[in-house]
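Welcome, and please open your viewer.

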Amino acid sequence: MSALIKLQDVYKIYSLEDVEVPAIDGISLEINQGDFVALIGPSGSGKSTVMNLIGCLDTATKGTIHLGSHNIQHLSESDLAQIRGKQIGFIFQTFNLIPSLHALDNVALPMLFQHIPKSARNKKAKKLLEQVGLADRMYHLPNQLSGGQRQRVAIARALINDPEIILADEPTGNLDTKTGEEIMKLLSSFHRQGKTIILVTHNPALTKLANKVIRMKDGQIMGG
Amino acid sequence: MNLDHVLIAVHSIRHRKLRSWLTVVGIIIGVAAIISLITVSRSLESTIQQQFEQFGANRIIISAKGFQGPGTMSQGLTTEDVDTIQKISGFKYVVPGLFRSAEVGFHGETGFTLIGALPAEQYRDFYADTGIELDRGKMIQEGDTHVALIGSRVAADMFGKEMGVGNKIIINKVNFKIIGIMKEIGNDHDDNQIAIPLETAREIFNEPERVDTIIAQVKSGADIPSLQHKIERELERKRGDTNFQVLTATQILEQINQVLGVMQVVLVGIAAISLLVGAIGIMNSMYTSVLERTKEIGIMKAIGARNSDILQIFLMESGLIGLVGGLLGSALGTAGALALGSFSKGAGFLLLVKIEISVLLFGLLFALVLGLLSGILPAYQAAKLKPVEALRYE
């Protein structure tokens, strides 16, 4: 089986006043379709940077990154936006919902950027909100929802364009243990439905659901 | 234009109600100021133009040098000068005028106002050509002596009791009989005047010779500039000096328009400054609004928004704010100009406010463009950011 995500000798180097700080120091890795990968490491280890590179939110200084058949180093900003919108779903630690839009519109927003008509958007967004248990919160603004509810809105949003890959960066970081577990269960159920999931965390307890754990330290992968 | 983008923009504007309204208020003030100032100054110009047209372009006005308007104690012109001009052919008539401020008594009350005097036999023609009409009573005519025509404001407002035809008034301690009340002319100066026969005025003011203004009505078809030169030449030859000025109505209008032009520049300048201040306010508020939503832009990019989507949403937002501000500002500016017009009427100064669609459109367009421009720069900057940088923004 060929890898869905393939990083080869990737560097991300920040230049700070003549000093070059490598956030990622030459890593290579492969992730297959249907994997549940946990990317674990202390803060500053470069795990979030790897996620940003895979998610096309940032570009590498050196090396090649393949997503499916695309070498994303060679894509335009507008093509990258297409990949982010269609192939990837993001779940962030701080939820990152648009505060002026209610839950339903937040969930439907990625479809809007794919120019899908409103009725189709709303239908799908409603279905997803029901799946994550928020049928009665569709018309609430983010600030009218609890942390766990916001994260579930964010998860519904991540799924709306049926992406192959879900990138979750410390998705339970801002939640209490019980709510965190519920969120992890949701992620796990999406994995069972065939999604490729990449979970970034510093919490070893969360890696038990993963079928593959990548440990990082100082911008490098520790012994695979 | 994408309707979905408009909706996102509308949500965002409504989400930040106070800030949006403050920005809109800034635009409203700027646009209202420029609309009302331009409207008022243009109305002023057209009002004066209209009054001059009423006055008639076929007139040459001769006055002593330094003459600034009726009532000035000008030196220099006498009845001899009137004779000199009368000898030149090409005029329908030549009217000498004498103007004095004098004490006026009525029913035991006294006050001061301007007394204007023309030869008794010339009132009918001169008033007809000037467009001054009687409200009631009759005109001064040949042979009349101690009679008076009363300006509309004098009749109505000067004394506790309204003046009527047949009443007695005392001018400079001499008894006069009111034979007519004038219709409102529309400017304070004329409406506050009392007209009496020149011969009587010469007696009561003890001015046997002096003339303040000579108005020469040109026969229709005559060459006004050449008559003007002829008057200048003849007066100079007879008098041996040049202490007089000969102006045509057109020249006076030009002079007034020059002054008005300066005023207009000043008014528009003030309006432009207020608009500039408003514009900077809008830009500032737009800039902070976009800046503080850098993270939101990062989120939108992370879920698939292209740079063009981001730009459209923010332009829609700032354009909408500009449009609403422009609409309300145009309405307010128009209301302000109309209010000033009716206020000026009450104050005895004629200002016919003319609402011009082109000025309104300008205000609207200006606000829209201003909104778009002040949104475009920060939106472009934000759209250009890498998503990861925008997301990191706090």
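Throughout the tour, contact means heavy atoms within 4.5 Å. This is a predicted model, in which local features need pLDDT of at least 70, side-chain atom pairs count only at pLDDT 80 or more, and totals for chains, interfaces and linings use all residues. Residues are numbered from 1 along each chain as its sequence is written, chains are lettered from A and ligands numbered from 1 in the order in which they are written, and side-chain values use heavy atoms, with hydrogens and water left out.

**Stop one: a loop in chain B**

Select N243(B), in the loop between α8 (224-239) and β10 (244-248) of chain B. Helices (H or I, at least four residues) and strands (E, at least two) are DSSP runs, numbered from the N terminus. Which residues does N243(B) contact, leaving aside its neighbours within four places in sequence? They are A64(B) and K65(B). With 44% relative accessibility, N243(B) counts as partly exposed; buried means under 20% relative accessible area, exposed over 50%, and partly exposed in between (1.4 Å probe, protein chains only).

Now move to N172(B), in the loop between β6 (168-171) and β7 (174-182) of chain B. Its phi is positive, about 50°, although N172(B) is not a glycine. N172(B) is partly exposed, at a relative accessible area of 28%.

**Stop two: helix α5 of chain A**

Select residues 147-159 of chain A, which form helix α5. Its 13 residues should span 18 Å at 1.5 Å a residue, and the end C-alpha atoms are 19 Å apart, which agrees; the expected span is 1.5 Å times one less than the number of residues. Is α5(A) largely enclosed or largely open? Because 11 of the 13 residues are buried, α5(A) is largely enclosed by the rest of the structure. Among the buried residues are G148(A), R152(A) and L159(A). The buried residues pack against several elements of chain A, including α3 (103-112) and α4 (118-131), and also against α10 (294-302) of chain B.

Follow the chain into the loop between α5 and β7 of chain A to find D162(A). Phi of D162(A) is near 50°, a positive value in a residue other than glycine. D162(A) is partly exposed, at 49% relative accessibility.

**Stop three: where the chains meet**

Show both chains: the contact takes 33 residues from chain A and 26 residues from chain B. On the chain A side, L57(A), S100(A) and F113(A) lose the most area to chain B, together 25% of what that side buries. The area buried between the chains is about 2,500 Å², of which carbon and sulfur atoms give 60%. Buried area is the accessible area (1.4 Å probe) that two parts lose on being put together, summed over both.

**Stop four: the second largest pocket**

Select S48(A), N52(A), D169(A), V388(B) and R392(B), the closest to the centre of the second largest pocket among its 21 lining residues. A pocket here is an open set of points on a 1 Å grid over the protein atoms alone, where a 1.4 Å probe fits, with protein on both sides within 12 Å along at least five of seven lines; lining residues have an atom within 4 Å of a point. The space in this pocket is about 520 Å³. The largest share of the lining, four residues, comes from α1(A).

Finish on T49(A), in helix α1 of chain A. T49(A) is buried, at a relative accessible area of 14%.

Terms used: Grid points are joined across faces, edges and corners, and a volume is the space filled by probe spheres set on the points.
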